[in-house]
Amino acid sequence: VQLVESGGGWVQAGGSLRLSCAASGSIFSINNMGWYRQAPGKQRELVASVTRSSSSNYADSVKGRCTISRATAKNTGYLQMNSLKPEDTAVYYCNGYVAPGFATPCHGYWGQGTQVTLSS
């Protein structure tokens, strides 16, 4: 199983970005998907997560500015980020709990990360 993020880049404060996470490989289903971020010198933190039934959860720091979504049939997740701030600068990682087959246990997988850089 491989998760590949895309959509990161350099953006001015107040701007928007849409991150994508495409999962491929031996996938029967993906349960929770999440976006995490890690800024230099800081621990990795949860930004947002979404269940298979599309119930979502957000960190307080991004509530009202970010929207997580998924296209289950495409094994793809998204993070729309608006009103970006300099403190949003970080490497953003996708995480997914994947069941490789019917009635098999889920395993967590990480993408390689995509850099988001904000300028003030």
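Strand β9 is mostly covered, with eight of its ten residues buried; buried means under 20% relative accessible area, exposed over 50%, and partly exposed in between (1.4 Å probe, protein chains only). The model is predicted: local features need pLDDT of at least 70, side-chain atom pairs count only at pLDDT 80 or more, and totals for chains, interfaces and linings use all residues. Residues are numbered from 1 along each chain as its sequence is written, and side-chain values use heavy atoms, with hydrogens and water left out.

Strands (E, at least two residues) and helices (H or I, at least four) are DSSP runs, numbered from the N terminus. Two strands pair if DSSP finds at least two bridges between them. Eight bridges join β9 to β4 in the antiparallel sense, and Asn95 in β9 stands opposite Gly34. The pairing of β9 with β10 (residues 107-110) is antiparallel over four bridges, with Tyr109 in β10 as the bridge partner of Gly96. Between β9 and β11 there are three bridges, also antiparallel; here Ala90 stands opposite Val116 of β11.

## The nonpolar core

A nonpolar core is a set of buried Ala, Val, Leu, Ile, Met, Phe, Trp, Tyr and Cys residues joined through side-chain atoms within 4.5 Å. The largest has 28 residues, and those with the most contacts inside it are Trp35, Leu79, Met81 and Tyr92. Two or more residues each come from β3 (17-24), β4 (29-38), β5 (45-50), β7 (66-71), β8 (76-81), β9 (90-99) and β11 (114-119).

Contact means heavy atoms within 4.5 Å. Leaving aside residues up to four places away in sequence, Tyr92 touches several residues, including Leu19, Trp35, Val47, Leu79, Met81 and Val116.

## Cysteines

With a disulfide defined as a pair of cysteine sulfur atoms within 2.5 Å, the count comes to one. Cys21 is joined to Cys94, S to S 2.0 Å. The pair links distant parts of the chain, Cys21 in β3 and Cys94 in β9, 73 residues apart. Because the torsion about the S-S bond of Cys21 and Cys94 is about -80°, the disulfide is left-handed. Both Cys21 and Cys94 are buried.

Cys66 is in no disulfide; its nearest cysteine sulfur, that of Cys94, is 14 Å away. Cys66 counts as buried because its relative accessibility is 6%. Cys106 is likewise in no disulfide, and the nearest cysteine sulfur is that of Cys94, 14 Å away. Cys106 is partly exposed, with a relative accessible area of 31%.

## An exposed loop residue

Pro40 lies in the loop between β4 and β5. Pro40 counts as exposed because its relative accessibility is 76%.
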